[in-house]
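This note is intended for a colleague meeting the structure for the first time. Please read the points below alongside the model.

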Amino acid sequence: MVSSPRSTARRGRPPKSLAAPATGASSGRTQKPGTQRAAAKEATRLKLIEATIDSIAHSGFADTTLAKVSEGAGLSRGIVNFHFTSKDALLVETLTYLADEYTGFWKAAVEKAGGDPAARLRAIVDAEFHPTVCNRKKIAVWYAFWGEARSRPTYLDVCERQDRELLETVQTLSAALVEAGGYDAVDAGDVATGLMALTDGLWLDLLLTPTRFDRNGARRVCLAFLTGMFPRHFSGTGDAASAA
């Protein structure tokens, strides 16, 4: 948004063949102390990031402090300072976490959809409105960061990188459909820009009018747009269709 407003997912798991323990190795109880410490450190870092997301969603940027984050996480201020040297460092890490989660989610959906460009575009739409990334708390945090991005180059860089990657993917998939279906009057760049504008606006609807927001309705709006662009590849119900 689209993470993404918003590569292989950076937060993906290794293949089972790489993750499996060597013959004779026992369970996690025999992990090396260094490995255990690293896992505990990562768990604490994620706990602080989640507390930051909660704080921004409920109180905004100005009222999000290291003290409030430590309280929300149930950890001491000293532990917060150990992991993050400043509030800004914590905020940058939180934004990066959200961007990686968002990007990893839609990329996994695209990979699962297979090689058909229409199915991949539909997978992106489905991912955009999945509760994992499309929920009121996270959208509130995204809009808070977008509001600050103009005056904070670091935030702007993360947001632009995420948006650019999704935009380029949608444009590439749209270009493949333009060629396959002979849609000479359709500009793939316009399709990508239009779809991202739709998803951003529908995310805003969820933030401002949560009681009226219809997740499936939001999907239908985006798929209707794609049907208008590629009528021989999307049916009127929003399902990917075979080319005529």
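This is a predicted model: local features need pLDDT of at least 70, side-chain atom pairs count only at pLDDT 80 or more; totals for chains, interfaces and linings use all residues.

1. The largest nonpolar core holds 60 residues, of which Leu121, Phe129, Trp142, Phe145, Leu226, Phe230 and Phe234 touch the most other members. Two or more residues are given to this core by each of helix 2 (33-59), helix 3, helix 5, helix 6, helix 7, helix 8, helix 9 and helix 10. Helix 5 supplies the largest share, 9 residues.

2. Helix 9 covers residues 188-208, and its 21 residues should span 30 Å at 1.5 Å a residue; the end C-alpha atoms are 31 Å apart, in agreement with that value. At the start of helix 9, a side-chain oxygen of Asp187 comes to within 3.0 Å of the backbone nitrogen of Gly189.

3. Among the buried residues of helix 9 are Val191, Leu195, Met196, Asp200, Trp203 and Leu207. The cover over the buried residues of helix 9 includes helix 5 (87-113), helix 6 (117-128), helix 7 (136-149), helix 8 (153-181) and helix 10 (215-229).

4. The structure contains 10 salt bridges. One of them joins the side chains of Lys137 and Asp54, at 2.8 Å from N to O. Lys137 belongs to helix 7 and Asp54 to helix 2, so the pair ties together parts 83 residues apart in sequence. Lys137 is partly exposed at 36% relative accessibility, and Asp54 is partly exposed at 30%.

5. Arg152 and Asp88 form a salt bridge, with their closest N and O atoms 3.1 Å apart. Because Arg152 lies in the loop between helix 7 and helix 8 while Asp88 lies in helix 5, this pair ties together parts 64 residues apart in sequence.

6. A salt bridge of 2.2 Å, N to O, is found between the side chains of Lys107 and Glu165. Lys107 in helix 5 and Glu165 in helix 8 are 58 residues apart, and the pair links distant parts of the chain. Lys107 counts as buried, at 11% relative accessibility.

7. Lys138 lies in helix 7. Is Lys138 buried or exposed? Its relative accessible area is 13%, under the 20% limit, so Lys138 is buried. The side chain of Lys138 makes a polar contact of 2.8 Å with that of Glu101.

8. Leu75 sits in the loop between helix 3 (66-73) and helix 4 (77-83). Leu75 and Lys47 are 28 residues apart in sequence, with their C-alpha atoms 9.1 Å apart.

Conventions. Residues are numbered from 1 along each chain as its sequence is written. Side-chain values use heavy atoms; hydrogens and water are left out. Helices (H or I, at least four residues) and strands (E, at least two) are DSSP runs, numbered from the N terminus. The expected span of a helix is 1.5 Å times one less than its number of residues. Buried means under 20% relative accessible area, exposed over 50%, partly exposed in between (1.4 Å probe, protein chains only). Contact means heavy atoms within 4.5 Å. A polar contact is a pair of N or O atoms within 3.5 Å; within protein, one must be able to donate a hydrogen and the other to accept it, and residues adjacent in sequence count only if both atoms are side-chain atoms. A nonpolar core is a set of buried Ala, Val, Leu, Ile, Met, Phe, Trp, Tyr and Cys residues joined through side-chain atoms within 4.5 Å. A salt bridge is a side-chain nitrogen of Lys or Arg within 4 Å of a carboxyl oxygen of Asp or Glu.
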